[in-house]
Amino acid sequence: MKRWTRRQFGRLAGATCLTVVGRRVARSQARARVVVIGGGVGGATVAKYLAASAKTLAVTLVEPKPHYTTCFFSNLYLAGLRSFESLTHGYETLAQRYGVNVIHDSAAAIDPVAKIVGLKSGPKLPYDRVVVAPGIAFKYDTLAGYDEVAAQVIPHAWNAGPQTKLLRRQLESMEDGGAFVLVAPPNPFRCPPAPYERASLVACYFKQHKPHSRILILDAKDSFNSQDLFLDAWERHYRGMIEWLPAQFTGGIKAIDVRERSVRTANDTFKAAVANVIPPQMAGQFAQQIGLADQSGWCPIDPMTFESKLQPGIHIVGDATSAGDMPKSAFVANSQAKACAFAIAASLTGSARFRPHLFNSCYTSLAPDDAVSNAISFEPVAGTIKIAHSFVSKVEESAETRRRAAREAESWYAAFTHDTFG
Ligand SMILES: Cc1cc2nc3c(=O)[nH]c(=O)nc-3n(C[C@H](O)[C@H](O)[C@H](O)COP(=O)(O)OP(=O)(O)OC[C@H]3O[C@@H](n4cnc5c(N)ncnc54)[C@H](O)[C@@H]3O)c2cc1C
C-alpha cells in the first residue's frame, strides 16, 4: 500500500467516471429502464449519473421520503454549529434537470425473473436493470431493552432526520452537570469515526453551554478509528470532559434501561442525563428481505460491477454492501454508485467495460477550527476490494493545517451534495 499526499489524491479522485459513462451511453439508441431503490447518497448518485449520461436510459428512483437529511455533518448540527435546513436536500433537481422519474414510495418486492419491482402502494415497475441502495438497519435483537420504540426515548440518531432533532432537543434541555452517555457499536458500522466525532462536538457544545457536564463513551470495541487523533484532540480541547471505556474494561454492553435512562455493562450500571445508543448494524431491511445479505448481515458484491454475488441481475451500492476494505461512508457510496452506473451503462449499450476507480475521502471535525481528513483509493483485487493508496492526517500537524482542513470540509460538503443531488 502506497502513502499519498492529499494533493496527489485530489487529482485522481477528481477524474471520476461521468464523462466516460456519458461517452459510452450516448451511442445507445435503446431506451432501457433502470430502477434505483433508495434515494440516499448511493441511490441518488446512481440515478443522476445514469440519467445525466444518456437520454437513452429511462431512470426511476424510488424513495419514500420527500427530502433527504445527511448524516454527514449532522454532528455539527448537534453542537449548534450548523442548521438542520442546511443538511436537507430535495429531489427536484434530479427530476427537473436530469429527467429522473422520482417516485415517493417504498419498494416492497423484486421479481428477478419477470424483472419487476413491486411498490408498497401497489404499482409495479418493469426494469432492465435494478439497483438497491437501502442503507443500514439496526440489529435491535442483539441489545436487550433497546428497540424501535426505545429509540423514540433514547435516540440513536444514526439515520439523520427526526432522530437527530430529538437528540439535539435532549442535549439542549439537560441540566448542566449531567452525563451524556454514548454507546458505540461493534464493527462494521456506518462511518467509523462518527461516534467519536459526535463525542468531540457534544463536548464542544458543553464547553460553551454546560461546562459541568461530562461525556462517557461505552464502547463495544477495544479500539477505534483514528484513535490517536481523537485522544490528542480530547486532551487539547476538552481535558477531563470525555471518558472512553473499552469493552475489555466494562465487560461489554449488556442492556439498556429506557425508564431509568441507564446502560448496564457486565461490571456496572451507568446512569445518563442524555443517552445515545448506536446499535449494532446490518444491511438495510429491504436487502435482507430479498436475499441480498449473507450470514454477516451485509451484501457481497462483484467489485467490478456492484452486482450481487447472491442474486445475479441485482446491483447494490452504499452502506449495505460488503465491499472488502471500503468503509461505510457517503463518499464510498457515491464512488461505488459511479462505478455501478458505468457498469450498467456498459452492459445496456454493449460498450466496453472499464476498471472502476474507487475512493474514500472523509473530513472529521474535532472542534470548530480543528478538522482532520483521510483520502484512500481502492482497487478490485481477486474478487474483493483492497486499499491501493492512502493519506491520513497526523497528530503532529500544525494548527494552520487543521484550520485549513476545517475550511475544506465546508467546501467539500457543498460540492459533494451538489454532485449527489444535482
Ligand atoms: C453521524 C454520522 C456522520 C457521518 N459523517 C460522514 C462523513 O463526514 N463523510 C462521509 O463520507 N460519510 C459520513 N457518514 C456516513 C454516511 O452518512 C453514509 O455512509 C451514507 O449515508 C450511506 O449512503 P447509502 O445510500 O448507502 O444509505 P442512506 O444514505 O441511508 O440512504 C438509504 C436510502 O434508502 C431508502 N430506502 C430504504 N429502504 C427502502 C425501500 N424499501 N424502498 C425505497 N427506499 C428505501 C431510505 O429511505 C434512505 O433514503 C456519517 C454517518 C453518520 C451516522
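**View 1. Residues around the ligand.** Gly42, Glu63, Tyr68, Arg190 and Asp319 come nearest among the 35 residues around the ligand, where a residue is near if one of its heavy atoms lies within 4 Å. Please keep in mind that this is a predicted model, in which local features need pLDDT of at least 70, side-chain atom pairs count only at pLDDT 80 or more, and totals for chains, interfaces and linings use all residues. Residues are numbered from 1 along each chain as its sequence is written, and side-chain values use heavy atoms, with hydrogens and water left out.

View 2. A polar side-chain atom of Glu63 sits 2.7 Å from a ligand oxygen atom. Backbone atoms take part too: a polar one of Gly42 is 2.8 Å from an oxygen atom of the ligand, and an N or O of Ala330 is 2.9 Å from one. The ligand taken alone exposes 1,000 Å², and the protein buries 93% of that (Shrake-Rupley method, 1.4 Å probe).

**View 3. Helices lining the shell (DSSP runs of H or I, at least four residues).** At least two shell residues come from each of α3 (41-53), α4 (74-78), α7 (194-209) and α11 (330-349). The largest share, three residues, belongs to α11.

**View 4. An open sheet of three strands, in the order β7-β8-β9.** The pairing is antiparallel, and strands pair if DSSP finds at least two bridges between them. Since β7 (107-111) and β9 (124-126) each have a single partner strand, one side of each is left without a neighbour in the sheet. Four bridges join β7 to β8 (residues 116-119), and Asp111 has Ile116 of β8 as its bridge partner.

How values were computed:
Polar contact = N/O pair within 3.5 Å; in protein donor to acceptor, adjacent residues only side chain to side chain.
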